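Please look over the protein shown here before reading on.

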Amino acid sequence: MSVPLPSLRPTLNFSPELLLRAQPVRVVFFDVDGVLTDGGLYFSEAGETLKRFHTLDGHGIKLLQRAGITPAVVSGRDSPALRARLTALGVTHTRFGTEDKRPAAEAILAELGLDWSQAAAMGDDWPDLPVLRRAALACCPPTAHAEVQAVAQIVTRSLPGAGAARELCDLLLVAQGVYARELESASQ
């Protein structure tokens, strides 16, 4: 006979201001290099771009989808490695190879029938600023450029490509009221 496990109590705490800002979010725009990856560009001898992704970030993206929040990627670069990772995560709202990220993000908002008040964004450098400044919630990793950190409401503790995106995902899950349920479900 197995003994029932005690319930886990979430250990994450966010300020009421951040939770209120995060509640209406229904789409999250992620940059890739310097957010979902460590920002390094690795090239094979054949010239193929190699990227390293972290499973914490990937699981956070899957949890967002289960909570009804759409993850979207707007990236200045494109690569087979990136496309393979996003396909594996089920991320379908993507724009690749675009330096002008605002129109790309606005096209995704239009596809989803959403507006900037329902968007969060995570970026690390100047090309991300037009999206970060319009989103209801702006986030960046601690290695982001100073001007990006200045507009972000959240600067993560985790490094890019090493759980930084997961921190934003967790905040959104708490704000939506699903974090504790997902944690309990995962721990059984």
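The model is predicted, and its secondary structure consists of eight helices and eight strands. The radius of gyration is 17 Å, which agrees with the value near 16 Å that a compact globule of 188 residues would have.

**Overall form**
- Taken along the principal axes, the box filled by the C-alpha atoms has dimensions of roughly 55 × 40 × 30 Å.
- When contacts between residues at least 6 apart in sequence are considered, 56% of them join residues at least 24 apart.

- Of the 188 residues, 43% are buried.
- The largest nonpolar core has 32 residues, of which Val28, Phe30, Leu137, Leu168 and Leu172 touch the most other members.
- Several elements each supply at least two residues of this core, including helix 1 (16-22), strand 1 (27-30), strand 7 (137-140) and helix 7 (164-175), and helix 7 gives the most, with eight residues.
- Leaving aside neighbours within four places in sequence, Leu168 is in contact with Val28, Phe30, Met122, Leu137, Cys139 and Ile154.
- Another core, of 20 residues, lies apart from the largest one, and its members include Val74, Ala121, Leu129 and Ala138.

Technical notes: Residues numbered from 1 in each chain as written. Predicted model: local features only at pLDDT ≥ 70, side-chain atom pairs only at ≥ 80, totals over all residues. Heavy atoms only, no water. Helix = DSSP H or I, 4+ residues; strand = E, 2+ residues; numbered from the N terminus. Rg over C-alpha atoms; globule rule 2.2 N^0.38 Å. Buried < 20%, exposed > 50% of the residue type's maximum accessible area, 1.4 Å probe, protein only. Contact = heavy atoms within 4.5 Å. Core = buried A, V, L, I, M, F, W, Y, C linked by side-chain atoms within 4.5 Å.
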